[in-house]
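Visitor: Please show me the model. Then I will ask what stands behind each label.

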Amino acid sequence: MSISSTLQSENIAGELKRALLASMILAALTIPYCFALSALIFAGPLQLYVVPGAGMMLFGSTILTLLIAISSSYRGALAVPHDIPAAALGTMAVAVTSSMGDAPLDAAFMTMTTLLILCSLVTGLVFLVIGIGRMSNLLRFIPFPVTAGCFAGLGWVLCLAALSMMSSMPIGWRTIDRLFEPDTVLKWTPGIAYGVVLMLVMERKSSVAFPIWSFLLLTCVFHTVLYVSGITVESAQSAGLLWSGVGGTGLWPAFGPGDFGLVDWSVVLTQISTLIGVTMLMVLSMLIITDGLVLATGVEIDHDREFRIAGAAGILAGMGGSSPGAHSIVLSIASRKLGAGTPWAGVFASVWLGATLFLGNAVLQLIPIMFVGGLIFFIGIDLLYNWLIKVRKRLNWRDYGIIVVIAVTIAVFGIVEGVAIGLVANFGLFALYLVRSNPIETTLSGLDLQSNRIRSVIDQSILLSNGERIRIVRLRGYIFFGTIYRLIRPLKKLLAETPTPALIVLDCTNIMGFDASALNTLVMFLRTAHANGAHVVFAASSDSFQSRVSNDLPDTIRERVWFERNLDLALERCEDLNIRATMRQLEGTGEDGRTDLLDRVAEDLEDHLSRQIHFEELVGQLERWVDRCEYAPGDALSGSDGLHHGMQLVVSGRISVYDALGTRLFQVGPGNVVAPMAVFGGLRTSTIEIAEERCVTVMLTPAGHRQMELEKPDLSRRLYRFMLTDRRGQRYQSR
C-alpha cells in the first residue's frame, strides 16, 4: 500500500471515530430536547400523552437528522423539530381540548396529532415549493422587525408554557393567585432557577454540552432526594413531579391507522389559520438558520437546496407525528466544533436516536417535569433577551416599536394576529418613509455639467454664456402618488424663474419606476412646460415609460419632448439646441452681435489656432517616422486584435471614446492624441475608440519612435511636451 493510500485510510478512520464520539454527545443533547418539545405541545389535560409525544418528536429527529446529514450542502448538519412552532402548537393544544369538551382524551390526543401531521406536511410542501422554485432570495424581503417581533412574542409564550407545565395548571389572571400557593411554588421555583442559571452560563460561555450535563446531574440529584425522602416514583408521578405515560418499552409508534377515527375534523378546521401562522414562522426560522450557519462558520450554503431537503425530510417526519422541523443551528455548529464536520456525525446520531425511540420509554418516564420546564423557560427567556433586549441597540425607535407591538400582540391574541399587525405596521412605516423621501437627488445647470462631446471654441463660449438655459434634474427611487408632488413643485418653480429655462433634462438613471398616478401628473407638467416654451428631455428612461408618456401627449407637445439613451446624449441634444437658438438670436442682432461674440472668444481662438499651427508643424516634422491612417465613420481605431499598435495624432475628424458598456466617455478631434502610451509598445485600453465621421490620423509606432529618438532627440522632447499639454489625451493616462 502506498503512503498516500495509508494516510487516506488513517484520515477516514479518524473522521469516523470523531463522528462516532460526537454523535453520542449530539444525541444526548437531542433526546431531552425532544421530550421538552412534547411537554410544550401536549399541554394541559393532554399532559398524560407527553411520553408518546416524545416518541413522535424523536421519530422526527431521527428522520430529519439522517436525511439532512446525507443531503445538506453543510457538512455535519443536524436537524430536529423546532421549538418556535412548538410554542404555537402548544397554545393550539389548549384550544383543542377546550373545544372538544367532554370528549375522551384519546380523541383529543389524536385530533392534536392530526394537526401536527398536517402542519408538518404543509410546511414541508411550502419548503419544497420555495426550494424547487429557487425563491429563497425573494423571502429575504420579509422585514426584520416582523421576524424579531415573532420570536420575542414566542419567547413570552414559551415562558408561560413552562410555568403552566411545572405548576400543572393554566396560567391566567384568574389563576395567578394559585401560582403562589406554597405547594405550587415548590413545583416551579427550581425549574425557573434552572432556566435562569442556564441563561447566565450560556451568555458568558456558549457551551453546548452544559445544558445536557446539568440536566442529567439535576435528574440524579432529584431521584436521590426522592430516595432519601422515601418517596416512590409512583407517588412522585401522582404529585405531578414526574411524567406518567403509557406502559411498555417503545416510544413509537404512538398511534395506528385505526386511531384516526377518533379525530374531530371540525376542530381541525378551526385551527387552519394557526397552521398557516406556524408555517410562516418556520419559513422565517429557516432563513435565519441558514444565514446563521453561513455567518458562524463561513461555509457557503445553497439556500434553495436546504429548503428542498428540509421539505422532503419534514414531510416524512410529519407522517410519524412529528411537529415541523429543520436544521438545528446549535447542533450543526456543535458538530463542527467537536471535529465532526462530516455527514457521518448525523448518520450515527440518527442511529442513537432510533435506538432510544424503540427502547427508551421506561427511562424517559423518570425525567422530572420541573427541569424539563426549566429547559423550556431557558429557551423562552433566551428568545426574549435576544429579540427584545439585545436587539434594541441595533434599531431605531420605529423598528423597535414594531417589535414590541408584535410581541405584545402575540402574547395577548396569538401568532397570526401578531404577524398581521407587524406586517401592516412595517409596511405603513415604509410607505410613510417613501412619502417623505425626496425624489430629486440634485439640480444642476448647463454650467455645472456638460456633455462629453468636443466643441469648438465658439460653441464652448456660447455654452458658458447661456448654460443657465439648461437645467438638469437628477431623479432617484420609485416615484408614486405620494412623492410625485415633491418632484412637480420644484419643476414648476423652475418654469417660474426669469428667464425661464429653455431646456429641462430629467435624468432617470437612478429611477426604479413611476406608478400610474405619478405618470399622469408628470404628463400634466409636460403640458405646462410646453405652454411656457420649455423643452423636456428624459435621459435613461425605460421603453415602457417612453411609450406611456408618448401615448398620453398630443402631437404638438410630443415634438418638444425627447428621450435619450443616457444623460450624456441628453446633454448633447440640449447643448445643440442651445447653440442653434443662440446663433439665431445673434443673426437677428446683426453684425454687432457677431462682433461681440468674436471679441469674447478672440483670445481663446488665438490660443487654439496657435496650438493647431504648432500641431501641424509637429506632424510635418514627424512625417519620416509616422504612418498615415484613414477611418470611415464607425471604424474602430484599435486593430483587429483589440490592441493599439502605436500612438495616433488626430489630423482631422472626430473620434468618440466609449467604455465597455457603450457609454461615451469623451471625444477627441484635430490636435489631440489617442492612446499615447502605445508609443512604447502594443497597448490594450479599457476603452473603445470609434470614428464619428471620416477621420485622418498619423500613427507613431514603437519602432518609429525608437528610430526618431536616435535621429532627432530634440523632436522627441518636443513631442513629449505636446502630449503633456493635451488635456484630452491625458484622459487615457488615468485609464
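**Labels and cut-offs**

Guide: There are 17 salt bridges in the structure. This is a predicted model, where local features need pLDDT of at least 70, side-chain atom pairs count only at pLDDT 80 or more, and totals for chains, interfaces and linings use all residues. Residues are numbered from 1 along each chain as its sequence is written, and side-chain values use heavy atoms, with hydrogens and water left out.

Visitor: What makes R558 and D555 a salt bridge?

Guide: The term needs a side-chain nitrogen of Lys or Arg within 4 Å of a carboxyl oxygen of Asp or Glu. For R558 and D555 the N to O distance is 2.4 Å, so the pair meets the definition.

Visitor: Why are R558 and D555 separated by about one helical turn?

Guide: Because they are 3 residues apart in helix 22 (residues 555-558). Helices here are DSSP runs of H or I with at least four residues, strands are runs of E with at least two, and both are numbered from the N terminus.

Visitor: Why does R558 count as partly exposed?

Guide: Buried means under 20% relative accessible area, exposed means over 50%, and partly exposed is in between, with a 1.4 Å probe and protein chains only. R558 has 31% relative accessibility, so it counts as partly exposed.

Visitor: What does the salt bridge of E711 and R624 tie together?

Guide: The closest N and O atoms of E711 and R624 are 2.6 Å apart. E711 lies in helix 25 (residues 702-711), and R624 lies in the loop between helix 24 (591-621) and strand 8, so the pair ties together parts that are 87 residues apart in sequence. E711, at 34%, is partly exposed. R624, at 62%, counts as exposed.

Visitor: Which parts of the chain does the pair of E630 and R694 link?

Guide: The side chains of E630 and R694 meet at 3.0 Å, N to O, in a salt bridge. E630 is in strand 8 and R694 is in the loop between strand 13 (688-691) and strand 14, 64 residues apart. E630 is partly exposed at 47%, and R694 is partly exposed at 49%.

Visitor: Which residues are linked in a network of salt bridges?

Guide: R453, R455, D568, E572, E575, D576 and R664 are linked in that way.

Visitor: How do you know that strand 8 and strand 14 pair?

Guide: Two strands pair if DSSP finds at least two bridges between them. Strand 8 and strand 14 (residues 695-700) have 5 bridges, in the antiparallel sense, so they pass the cut-off.

Visitor: What makes strand 8 an edge strand?

Guide: The open sheet has 4 strands in the order 8-14-9-12, with antiparallel pairing. Strand 8 (627-631) and strand 12 (673-674) each pair on one side only, and they are the edge strands.

Visitor: How do you know that strand 10 and strand 11 are joined?

Guide: Strand 10 (residues 655-658) and strand 11 run antiparallel, with 4 bridges between them. S656 has Q667 in strand 11 as its bridge partner. The hairpin of these strands has 5 residues between them, where G662 takes a positive phi near 90°.

Visitor: Why is strand 11 called mostly covered?

Guide: In strand 11 (residues 664-668), 5 of its 5 residues are buried.

Visitor: What makes a set of grid points a cavity?

Guide: On a 1 Å grid over the protein atoms alone, a 1.4 Å probe fits at the points but cannot get out, and lining residues have an atom within 4 Å of a point. Grid points are joined across faces, edges and corners, and a volume is the space filled by probe spheres set on the points. The count comes to 1 cavity of 30 Å³ or more. The largest cavity has a volume of about 50 Å³. Its lining includes S120, T123 and F127. Helix 4 gives the largest share of that lining, 4 residues.

Visitor: How is a pocket told apart?

Guide: A pocket is an open set with protein on both sides within 12 Å along at least five of seven lines. The second largest pocket has a volume of about 1,300 Å³. Of its 45 lining residues, T91, V157, L160, I171 and A411 are the closest to its centre. The largest share of the lining, 9 residues, comes from helix 3.
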